[in-house]
Amino acid sequence: MSELKKRDSFGSKIGIIAAAAGSAIGLGNIYRFPCEAGSNGGGAFIMIYLLIVLCLGLPVVIAEFVIGRRAQSNEVGSFRILSKGSRLWPCVGYVGVLCALLILAFYSTVSGWTIEYIVRAVQNDFSGKDLQALETDFSSFINAPVRPIIWQALFIAVTALIIFKGVKDGIEKYVKILMPLLLVLLIALCVKSLTLDGAKQGLSFLFKADFSKIDNDVILNALGQAFFSLSLGMGCMITYGSYISKSDRMSSTALSVVLCDTSIAIMAGIVIFPAAFTFGVSPEAGMGLVFNTLPMIFNQMYGGYFFCLMFFILLSIAALTSTVSLLEVMVAFATEELHISRNKATVCSSIIAFAIGVLATLSLRAGTSLSVGGMSFFDMLDWFTANILLPVGGFFIVIFVGWFLGKKVFVEEITNNHTIASKGKLLIFFLIRYVAPVAVAVIFISRLV
Ligand code: PHE
């Protein structure tokens, strides 16, 4: 009981939706999704992505919420408590905490870039520049010796400050106002992008599925992107689930989070690709796709200065609510399992993440030796966490809920101990128990073979 009492919890339903959506919505939607869609053939990728989000993403979000709220503990603690002393299940939690650390490391690199772009937006630095000038600026920035690292440090420090304040005051308050604002801005950008010359080409790239482009790699990348974007497979939603109140309707919360996350990603695509085709940026341009294409749109927009500034501020905040959730996974683990004070845990976790993060940032510089198997250290962290660790984590999470906890516990949680009705519960349980594990295993094995 004392353990229950000292745990923070979200103040309202909208608070948990906002926080979980805040974790899910971030660079993964606005930066990573267009990059992945662009380099995996567009429409075909998106179709598979949507299918995976619906059949695997949604059930895994619910499974994570069930684990967290049932156990009322951090990720490792949740597995320990619910598996009643098993030594193996908590390992899923340990891997998740490690994964949070690795994601935070490279995620903070790009998060730092958003600060650079806020500064440039304030200085009206993009105005009047053509694509080539923007590309040169971008690459000289990521090749600069210290600037990206300073922004990265600043970003992690702000994340730590929010974590110091605790879940309710720290996370809930900001996300509730800022996420809707991001949505409004994206809608404005979509409208602008759709009036550009390349709109038709961009949309057909996005939505016309060319099935010949689908191969095992594309499917694995879509799986990784779905898990990454929904913050699944590494315990974020377990940790946040542990702060959900016992009277919350978890399945509708999960559905809201999935819908918000997915629509923001698709909207980002609708903003980026028409503009990319208009200005001649290749859809496969990777990192520069977003950071170079967007300023080109703003340059052509009435009130571009204002929109540009707002956009990069909101992008930065969207990234912040995601880094907060990553750090929270580590801090909840360290305070509850290792019995370290919250402040100490926050400082130590941040420093470790920053140390690894610096290597990720430096590995993007031209001519660096920080690469693994032909990939930069940054890309390796990104690929390994999203495409390997998250799906594997997700696999064990659904096995745990579907087979270990079983239907009785699942139904108790989803119906708040039989006090509310939940129409789709059996379908969701079926997806968790059979469909999700089989699908993840098949995608993995076929990729390996
Ligand atoms: N989902 C976040 C995004 O889309 C990234 C993230 C992944 C956050 C995993 C937490 C855990 O940007």
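This report describes the fold and the ligand site of a predicted model.

Local features need pLDDT of at least 70 and side-chain atom pairs count only at pLDDT 80 or more, while totals for chains, interfaces and linings use all residues. Residues are numbered from 1 along each chain as its sequence is written, and side-chain values use heavy atoms, with hydrogens and water left out.

The protein has 18 helices and two strands, taken as DSSP runs (H or I, at least four residues; E, at least two) numbered from the N terminus. Its radius of gyration, taken over C-alpha atoms, is 21 Å, close to the 22 Å that the globule rule gives for 449 residues, so the protein is as compact as a globular protein of that length. That rule is 2.2 Å times the number of residues to the power 0.38. The C-alpha trace spans about 60 × 50 × 40 Å along its principal axes.

The ligand is surrounded by 16 residues, each with a heavy atom within 4 Å of it. Ala-24, Gly-28, Tyr-107, Phe-228 and Ser-231 are the closest. At least two shell residues come from each of α2 (13-24), α3 (27-39), α6 (89-122), α11 (216-229) and α15 (304-337).

The polar contacts tabulated here are pairs of N or O atoms within 3.5 Å.

| Residue | Protein atom | Ligand atom | Distance |
|---|---|---|---|
| Ser-23 | polar backbone atom | nitrogen | 3.2 Å |
| Leu-27 | backbone N or O | oxygen | 3.2 Å |
| Asn-29 | polar side-chain atom | oxygen | 3.3 Å |

The protein covers 100% of the 320 Å² of accessible area that the ligand has on its own, by the Shrake-Rupley method with a 1.4 Å probe.

Note on methods:
A polar contact is a pair of N or O atoms within 3.5 Å; within protein, one must be able to donate a hydrogen and the other to accept it, and residues adjacent in sequence count only if both atoms are side-chain atoms.
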